[in-house]
Amino acid sequence: NAVFCPLRDNADTTIDPGPFTIEWLPPNNDPATGRGGLEIRNAGGVMTTLTANDATIKTRSWYNNINGVGASVDFAHGTSTVIFLAGVDVPTVNDTAPTVNANETFYNLVIGEGANDASMAIVGTGNLTVNGDFTIGTANSALSNSIGRTIVVEGNWSNVGSYTGTGDTVQLGGVDNNAGTVSGTTTFRTLDVNAGDSYTLSSGA
């Protein structure tokens with residue numbers, strides 16, 4: 001395991017293979033103003049890409065150009081896994097800065113793991129896309145999608161916690177002839193399955 005230093009305004013960065021635990025990445029290393037998670041941004045063209053390859057990244061929050069200073073960073077996720085764990089803040093996937101749209105795409109996305117729960121809120125505009133598997137991993141972990149965002153999951157959907165969506169759509173698939181599973185008790189408002197893909201409801205779904 002390793003603990004990252006702040007990544008905002010760095011040069012292009014590659015993390016491989018991990019696992020890496022991001023415990024605290026406050027602006028200017030000041031815990032009083034820290035958000036408790038990964039903060040990346042591209043100011044002045046310095047950091048344009050964060051490459052994860054097959055890394056495992058554990059973090060409380062995910063902030064991509066949260067303040068709108070400069071531009072968002074391209075997250076080249078490879079086959080990586082991002083795991084949200086409880087911390088000082090409610091983990092938030094921030095794929096929109098105040099003035100810069102930076103829609104985020106993950107490979108595998110996990111909310112809560114083992115004895116570590118997490119409550120994750122999705123904010124901003126645009127889609128949250130998971131090219132691999134999406135997992136709510138513990139009974140007390142939760143995903144809240146209260147602003148009608150679309151969640152695209154191209155792999156499997158697994159939920160042992162809780163999912164709350166208001167006016168939202170969950171789209172499964174996106175790769176033709178993909179065969180996936182939906183497991184765990186989940187109430188969807190609107191559930192779409194991509195044409196050409198097939199999904200199986202497993203026990204408890």
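Predicted model: local features only at pLDDT ≥ 70, side-chain atom pairs only at ≥ 80, totals over all residues.
Does Asn 108 count as buried or exposed, and at what relative accessibility? Asn 108 counts as buried because its relative accessibility is 17%, where buried means under 20% relative accessible area, exposed over 50% and partly exposed in between (1.4 Å probe, protein chains only). Residues are numbered from 1 along each chain as its sequence is written, and side-chain values use heavy atoms, with hydrogens and water left out.

**The chain as a whole**

- The protein chain has 22 strands and 0 helices; both are DSSP runs numbered from the N terminus, with helices being H or I of at least four residues and strands E of at least two.
- Of the 205 residues in the protein chain, 47% are buried.
- The protein chain exposes about 8,600 Å², and carbon and sulfur atoms supply 47% of that area, as computed by the Shrake-Rupley method with a 1.4 Å probe.
- Taking contacts (heavy atoms within 4.5 Å) between residues at least 6 apart in sequence, 57% join residues at least 24 apart.

**Strand S11 and its partners**

- Strand S11 covers residues 108-111, with Asn 108 and Val 110 pointing one way, Leu 109 and Ile 111 the other way, and all of them buried.
- Strand S8 (residues 81-84) runs parallel to S11 and is joined to it by 4 bridges; two strands pair if DSSP finds at least two bridges between them.
- S11 also pairs in the parallel sense with strand S14 (residues 134-136), over 3 bridges.
- Ile 111 stands opposite Ile 136 in S14, while Asn 108 is the bridge partner of Thr 81.

**Around Asn 108**

- The side chains of Asn 108 and Thr 81 make a polar contact at 3.3 Å; such a contact is a pair of N or O atoms within 3.5 Å, where within protein one must be able to donate a hydrogen and the other to accept it, and residues adjacent in sequence count only if both atoms are side-chain atoms.
- A polar atom of the Asn 108 side chain lies 2.8 Å from the backbone nitrogen of Asp 133.
- Leaving aside residues up to four places away in sequence, Asn 108 touches several residues, including Ser 80, Val 82, Val 130 and Gly 132.

**Another asparagine, in a loop**

- Asn 53 sits in the loop between strand S4 (49-51) and strand S5 (56-59).
- Asn 53 has a positive phi of about 50 degrees, although it is not a glycine.
- Asn 53 counts as partly exposed because its relative accessibility is 33%.
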